Amino acid sequence: MAPTKGPTIAELIGEAIENLRVKGSSKGVSRTAIKNYIGDRSTPARINLSLKRMVTKEELVQVRDSFKFSPKHIAAEKKKVASAEKKKKEKATAKPKKTAAAKPKKTTASKKKKATKPKKASSTKKAGTKKAGTKKSTTKRTTKK
């Protein structure tokens, strides 16, 4: 078997910034916080190198020793999310129309059969639990002081 590849360091950094950033803050997430979040999944030297690369690619903006996503990167992600949602909506609207016409006849018969069986089972269970509750006897123990 081939070894499975985990997320890249850039993905880990992006995840760390997403999860650790404070809403409304203009500073971003500190380098040490990112390193602590990633932990043993990568070495500090590799994290530093990938942070530098991401800043040069303009994926991140560095504010002193903190990092945040660049406006270009945020806009690009919004476009990706919007296009993905459109595709999902198109698929969702196309599929239910075909399946909805064929399924209701089958499901109504099966629902009626399933509905009657659980009612019988639940009524016997309720009676059993009531009997178990009435069998308990109360005895008081006295303790010596």
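In this tour, a residue is called buried when its relative accessible area is under 20%, exposed when that area is over 50%, and partly exposed in between. Please keep in mind that the model is predicted.

**Stop 1: serine 66.** Select serine 66, which you will find in strand 3. Is serine 66 buried or exposed? Its relative accessibility is 14%, and because that is under the 20% cut-off, serine 66 counts as buried. Now show what surrounds it: beyond its neighbours within four places in sequence, serine 66 is in contact with Lys27, Gly28, Val29, Ser30 and Val61.

Stop 2: Pick valine 29 and look across to its bridge partner in strand 3, phenylalanine 67. On the other hand there is strand 2, residues 60–63, also antiparallel to strand 3, with 4 bridges. Here, valine 63 has serine 66, from our first stop, as its bridge partner.

**Stop 3: the hairpin turn.** Follow the chain from strand 2 into strand 3; the two form a hairpin with 2 residues between them. Click on arginine 64 in this turn, where phi is positive, at about 55 degrees. Then select aspartate 65, in the loop between strand 2 and strand 3. Aspartate 65 counts as partly exposed because its relative accessibility is 40%.

What does aspartate 65 touch? Leaving aside neighbours within four places in sequence, aspartate 65 is in contact with Val29, Ser30 and Arg31. Show the side chains of aspartate 65 and arginine 31, and you can trace a polar contact of 3.0 Å between them. For a distance to check in your viewer, pick the C-alpha atoms of aspartate 65 and threonine 32: they are 8.9 Å apart in space, while the residues are 33 apart in sequence.

**Stop 4: serine 42.** Finally, move to the loop between helix 2 (31–38) and helix 3 (44–56), where serine 42 is found. Serine 42 counts as buried, with a relative accessibility of 11%. Display Ile9 and Ile47 as well: serine 42 is in contact with both, its neighbours within four places in sequence left aside.

Terms used. Residues numbered from 1 in each chain as written. Predicted model: local features only at pLDDT ≥ 70, side-chain atom pairs only at ≥ 80, totals over all residues. Heavy atoms only, no water. Pairing = 2+ DSSP bridges. Buried < 20%, exposed > 50% of the residue type's maximum accessible area, 1.4 Å probe, protein only. Contact = heavy atoms within 4.5 Å. Polar contact = N/O pair within 3.5 Å; in protein donor to acceptor, adjacent residues only side chain to side chain.
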